[in-house]
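Student: I'm new to this one. Can you walk me through it?
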Amino acid sequence: MYQLLIMVLIVEGIMAFLLVVKIGPFRDLVMKVIDQLKTGKGPEITVKTIVGVMSLILASSVYNFLWIQNKNVKHGTLTPMDQVLVRTHLLDSSLIAFSLFLWFIIYRLHHYLTKMCGLKTKAQFCKEEVEKLQLKIKEKEEKASKERRLLNEEVSKLKENLKKIKLESEEKDKLVLAAESDVAALQKQSNDLLLEYDRLLEDNQILQSQNLGYR
């Protein structure tokens, strides 16, 4: 039985080591084996049965060890047979307890590694989603920059057109002012001509009256 327990401990130690340290594809192989043991109906029942039997053996060994210790307390000394039994039960208890402890460690390592794989998958999915969103944002930014550039070009064109319109308006205002000044000058000349015409009419009338007087 000791050889069997030692073999179980060695196998469990190797499995725990491979779960903790990733060496090639061995971790995945151990994970698949434990998955089969946990998910398969037959293997799961077998494992539970073995664990239950080992727990009963452990309880029995501990009980016998305590019973011999109580016997020693009552009688004061241990016989050589009791000493052999104590060592035997102590060795059995230690090996079984360590084996169960290692199996518990392997079970929890498998549980946490499975969770970690799920989290890695989710993290990879989230990373891909983030990359997709970043690409969309980048495309939108590029599109917005193009639209902004087009709008800036249109604004610059409108500013140039506005400057041209302002210059044309200023030139037209100057022309209007020049035309108004010309009109004012023509009106002044016209008024002067009218005054001169009136004066000439008066002179003509005076001359006509003098001419009549001479006649």
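Here is a short chat about its cores and its surface.

Tutor: This is a predicted model, where local features need pLDDT of at least 70, side-chain atom pairs count only at pLDDT 80 or more, and totals for chains, interfaces and linings use all residues. Residues are numbered from 1 along each chain as its sequence is written, and side-chain values use heavy atoms, with hydrogens and water left out.

Student: Which residues make the largest nonpolar core?
Tutor: Eleven residues, including M15, L18, V30, W103 and L113. A core joins buried Ala, Val, Leu, Ile, Met, Phe, Trp, Tyr and Cys through side-chain atoms within 4.5 Å. Buried means under 20% relative accessible area, exposed over 50%, partly exposed in between (1.4 Å probe, protein chains only).

Student: Which elements give two or more residues to this core?
Tutor: α1 (2–20), α2 (26–39) and α4 (80–214). Helices are DSSP runs (H or I, at least four residues), numbered from the N terminus. The largest share, four residues, comes from α1.

Student: What about a second core?
Tutor: A separate one has eight residues, among them L5, L58, I96 and L100.

Student: Is S99 buried or exposed?
Tutor: S99 is buried, at a relative accessible area of 1%. S99 lies in helix α4.

Student: What is S99 in contact with?
Tutor: V8, L9, E12 and M54, leaving aside neighbours within four places in sequence. Contact means heavy atoms within 4.5 Å.

Student: New topic: where does V33 sit?
Tutor: V33 is in helix α2. V33 counts as partly exposed, because its relative accessibility is 40%.
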